[in-house]
Structures are given as C-alpha cells and as structure tokens.
Amino acid sequence: MGSLIADASLFCAKHGIVIPEMDKNYHLGKSKHRISSVTYSHHLRVDIFNVVIDLQLSELNSHFDAVNSDLLLGMTSLSPHNYFINYDKERIMKLAKLYPHEYGISKLEDLSYELDSYIHYVREDRDFSNLKGLGDLSEILVET
C-alpha cells in the first residue's frame, strides 16, 4: 500500500496536482473563505464514497433482477474462502428452489440435512482450511 501512495504522490508532484491534507477543512465550492467543519478525509470517505456506492448499487440493480441476484448470492454462499465465512444455508436452499424439476419437496428436505452435515464436516477438516475458491474445493473433494 505504501508504494501505491508513493507512486500517486510522485505522479501528483510531477503534474502539479495539489494533494490536500486530509485533516484540514474541506472548502465547499470555489470560495476558500467559507468556513466548513467538514475535513477532506470526511468529504472523501463519506460524501464521495457513499455517492459512488449508491451509483454502483443502482447500476447493479438495473442489470440484475431478483432471480439473478438470488443466483449470485447463492453461489457466493458456496464459496469455501476463509472457512466458508459466506456460507448461508437459506440462500443455498433458495437457489435450489429455483430448480423445481431437480429438487422436489423430499429432495429439498434431504438437501437441508446434507448441507448441515457438509458444512460441519468441512469446517472441522484441516484440508479445507486454505481454500480460495470453488476450483480449490473441487480439487480437495476429488482427492478425499
């Protein structure tokens, strides 16, 4: 991270771009005489960051309907990264319900039980502790 800041600082110095001091007050508009209690750090972290996040969420929501969002969230629930930190049984069950031809009522009940067993087993087994993605998971499952 330090080299990124150093590179950015060199770039700014080379091109005459002023780097604001983050704890100094941010001046709204072009007038430097207006007094503000907002610091540059607050302005960048809160005012700008939140606007960008809202724009990104709006863009994603316009491209993905509820079914696509459920599919994406269900897939992230299967990620083995960091001891399956994103595991969410309910999302996986919701994902399975999108395929009624594959998962009838009895198969959904079986899946619910199997998911409980599965997550307990993989969280206890050290072989599954350093997995980064579904590819790693597939390799370990084949090996075991």
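Q: Where does lysine 89 sit?
A: In this predicted model, lysine 89 is placed in helix H5.

Q: Buried or exposed?
A: Lysine 89 is buried, because its relative accessible area is 18% and the cut-off for buried is under 20%.

Q: What does lysine 89 touch, leaving out residues up to four places away in sequence?
A: Lysine 89 touches Ser112, Leu115 and Asp116.

Q: Which residue does lysine 89 form a salt bridge with?
A: With aspartate 116. The closest N and O atoms of that pair are 3.0 Å apart.

Q: Which helices does the pair link?
A: Lysine 89 is in helix H5 and aspartate 116 is in helix H6, which covers residues 105-124. The two are 27 residues apart, and the pair links distant parts of the chain.

Q: And aspartate 116, how is that classed for accessibility?
A: Aspartate 116 is partly exposed, with a relative accessible area of 38%.

Q: How many salt bridges turn up in the whole structure?
A: A search of the whole structure gives two. One is lysine 89 with aspartate 116; another is aspartate 88 with arginine 91.

Q: How far apart are the closest N and O atoms for aspartate 88 and arginine 91?
A: They are 3.9 Å apart. The cut-off for a salt bridge is within 4 Å, so the pair counts as one.

Q: What about accessibility for aspartate 88?
A: Aspartate 88 has 28% relative accessibility, so it counts as partly exposed. Arginine 91 counts as partly exposed too, at 34%.

Q: Changing topic to helix packing. At what angle do H3 and H5 cross?
A: Their axes cross at roughly 130 degrees and come within 8 Å. Helix H3 runs over residues 66-77 and helix H5 over residues 89-97.

Q: What is that arrangement called?
A: The angle makes H3 oblique to H5. Perpendicular would need 65 to 115 degrees, and antiparallel over 145.

Q: Left-handed or right-handed?
A: The crossing of H3 and H5 is left-handed.

Q: Which residues meet there?
A: From H3, the residues are Asp70, Leu71, Leu73, Gly74, Met75 and Ser77. On the H5 side they are Arg91, Ile92, Lys94 and Leu95.

Q: How many of those are nonpolar, polar and charged?
A: The contact of H3 with H5 has five nonpolar residues, two polar and three charged.

Notes: Residues are numbered from 1 along each chain as its sequence is written. This is a predicted model: local features need pLDDT of at least 70, side-chain atom pairs count only at pLDDT 80 or more; totals for chains, interfaces and linings use all residues. Side-chain values use heavy atoms; hydrogens and water are left out. Axes are lines fitted to C-alpha atoms, for helices over the stretch in contact, and angles run from 0 to 180 degrees between N-to-C directions. Helices (H or I, at least four residues) and strands (E, at least two) are DSSP runs, numbered from the N terminus. Angles under 35 degrees count as roughly parallel, over 145 as roughly antiparallel, 65 to 115 as roughly perpendicular and the rest as oblique. A crossing is left-handed if the near helix is turned anticlockwise from the far one by less than a right angle, and right-handed if clockwise. Contact means heavy atoms within 4.5 Å. Ala, Val, Leu, Ile, Met, Phe, Trp, Tyr, Cys and Pro count as nonpolar, Asp, Glu, Lys and Arg as charged, and the others, Gly among them, as polar. A salt bridge is a side-chain nitrogen of Lys or Arg within 4 Å of a carboxyl oxygen of Asp or Glu. Buried means under 20% relative accessible area, exposed over 50%, partly exposed in between (1.4 Å probe, protein chains only).
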